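The sequence and structure come first, and the description follows.

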Amino acid sequence: NGLYWLGLIILLPMVIMFKDGMLTKNEFSEIMLILIPSITVGLLAEKQRRYVKQLKETYLSALKALAEATDARDSYTQGHSERVAKYAVSIAKELSLSEYEINSLEQAALLHDIGKIAIPDKILHKTGPLDESDWSIMKRHPEHGQRILSKLGFLSKTLPLVLYHHIRFDKEGYPANEKNIKIPLSARILTVADAFDAMTSDRSYRPRLSVKQALEELEKCSGTQFDPKAVKALIKATPEKRYAKA
């Protein structure tokens, strides 16, 4: 609409000047040859921008639906992936990551646990702590997630983040064969966001921690389990009112 009215504002004086003899027929024609295509291109560009925006919104909604389907397998993880995405984006903004990096991180956060689709229900729904055998199976979910998402070329940027979201800052964690690889900052952010939501959510084997307790735990493990920069960014991004004990 803005381009439409701008075109009219420019066009009207041109018509008046032509009628008053201030512009020759050739000059008027030349202006029209420049002005009309410019307005047309502008209108088409605006239409395409709206289409791309709508496409992105639809795409993100589809990812959220997939994340919800993954979380729904366990009543204790309902909404987990969306909350992790929210925390991860907040950390990324505090660290001034680019819009492209933030978008990729949000996608990875929504899908980081998709590999749990391959984990048996008897392990996901276990009411007590997992034993060694259970853990050996559960620790495969990042690899399962990478394998599942590798079939979708447009999600290629999320693969390292999904695979590495349980690798600690000191390179411990799992998958164990990834210790010598450089872990992207976005993956380290995802690790912090994932741990924070896990600690502040009820689980079958323990009650949730308060926000204050969870942040203190993150600080205590900063530099070993968690990236110090990501922890500091989360603390900075966490409103003071949420520090109250839940």
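The model is predicted; local features need pLDDT of at least 70 and side-chain atom pairs count only at pLDDT 80 or more, while totals for chains, interfaces and linings use all residues. Residues are numbered from 1 along each chain as its sequence is written, and side-chain values use heavy atoms, with hydrogens and water left out.

**Overall content**

The protein chain has 11 helices and zero strands, where helices (H or I, at least four residues) and strands (E, at least two) are DSSP runs numbered from the N terminus. Of the 246 residues in the protein chain, 37% are buried (buried means under 20% relative accessible area, exposed over 50%, partly exposed in between, with a 1.4 Å probe and protein chains only). Among contacts in the protein chain with a separation of 6 or more, 62% are between residues 24 or more positions apart; contact means heavy atoms within 4.5 Å.

**Helix pairs**

Two packed helices are described by the angle between their axes and the distance between the axes. Axes here are lines fitted to C-alpha atoms, for helices over the stretch in contact, and angles run from 0 to 180 degrees between N-to-C directions. A crossing is left-handed if the near helix is turned anticlockwise from the far one by less than a right angle, and right-handed if clockwise.

| Pair | Axes come within | Crossing angle |
|---|---|---|
| H3 and H4 | 8 Å | roughly 155° |
| H9 and H10 | 9 Å | roughly 140° |
| H10 and H11 | 9 Å | roughly 160° |

Angles under 35 degrees count as roughly parallel, over 145 as roughly antiparallel, 65 to 115 as roughly perpendicular and the rest as oblique. H3 and H4 are therefore roughly antiparallel to each other, and H3 passes H4 in a right-handed crossing. The H3 side of this contact includes Val 84, Ala 85, Ala 88 and Val 89, and the H4 side includes Ile 102, Leu 105 and Ala 109. By class, the residues of the contact of H3 with H4 are nine nonpolar, one polar and three charged; Ala, Val, Leu, Ile, Met, Phe, Trp, Tyr, Cys and Pro count as nonpolar, Asp, Glu, Lys and Arg as charged, and the others, Gly among them, as polar.

H9 and H10 are oblique to each other, with H9 passing H10 in a right-handed crossing. Val 192, Ala 195, Phe 196 and Met 199 of H9 meet Val 211, Ala 214, Leu 215, Glu 217 and Leu 218 of H10. That contact has eight nonpolar, no polar and one charged residues.

H10 passes H11 in a left-handed crossing. Here Leu 215, Leu 218 and Glu 219 in H10 meet Val 231, Leu 234 and Ile 235 in H11, giving five nonpolar, no polar and one charged residues.

**The buried side of H11**

Ala 230, Val 231, Ala 233 and Leu 234 of H11 are buried. They span an arc of only 165° around the axis, so they lie on the same side of H11; the arc is that of the directions from the helix axis to the C-beta atoms. The cover over these buried residues includes H3, H9 and H10. Lys 232 and Lys 236 are exposed on the face of H11 turned away from its buried side.

**Glu 143**

Glu 143 is in helix H7 (residues 141–149) and is partly exposed, with a relative accessible area of 27%. Leaving aside neighbours within four places in sequence, Glu 143 is in contact with Leu 163 and Pro 175. Pro 175 is 32 residues from Glu 143 in sequence and 7.5 Å away in space, C-alpha to C-alpha.
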